Amino acid sequence: MAPEPGICEEKKRLQEELGRAIVQLSELQNLQMQDAHGNDPASDERIVTARQIKKAAKIALIQHLEQHGCWADELEYPPYPPKVATGRR
Ligand SMILES: [Zn+2]
């Protein structure tokens, strides 16, 4: 299958990765909220890890956009992901 012109495959891949990382992080945060009185240190740790993964994915995407110059291929996805509400830490 020929790649669609104007769409950067690498950017797509990085966006998907970031999307997954965001979903993963919010799932963990939801779980922790449901278990607020539990205060499970392992769950804190998973959230910290998920945050790092998300941050790394975001940096990788932005670096790619800057180096490859493929910002404007598709406009449905903001170049900088919307800020996720800064929950409690
Ligand atoms: Zn690109």
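The expected span of a helix is taken as 1.5 Å times one less than its number of residues. Helices here are DSSP runs of H or I with at least four residues, numbered from the N terminus. The model is a predicted one, so local features need pLDDT of at least 70 and side-chain atom pairs count only at pLDDT 80 or more, while totals for chains, interfaces and linings use all residues. Residue numbers start from 1 along each chain as its sequence is written.

For H1, 26 residues should span 38 Å, and its end C-alpha atoms do sit 38 Å apart. Just after H2, Gly69 takes a positive phi of about 70 degrees.

Now for how the two helices pack. Their axes (lines fitted to C-alpha atoms over the stretch in contact, with angles from 0 to 180 degrees between N-to-C directions) come within 9 Å and cross at roughly 160 degrees. H1 and H2 are therefore roughly antiparallel, a label for angles over 145 degrees.

Buried residues (20 or more other C-beta atoms within 10 Å of their own, C-beta atoms being placed from the backbone) in H1 are Leu14, Leu18, Ala21 and Leu25. Those of H2 are Lys54, Ala57, Leu61 and Leu65, and they pack against H1, contact meaning C-beta atoms within 7 Å.

How values were computed
Helices (H or I, at least four residues) and strands (E, at least two) are DSSP runs, numbered from the N terminus. A residue is buried if 20 or more other C-beta atoms lie within 10 Å of its own, exposed if 12 or fewer, and partly exposed in between; C-beta atoms are placed from the backbone. Angles under 35 degrees count as roughly parallel, over 145 as roughly antiparallel, 65 to 115 as roughly perpendicular and the rest as oblique. Two residues are in contact if their C-beta atoms, placed from the backbone, lie within 7 Å.
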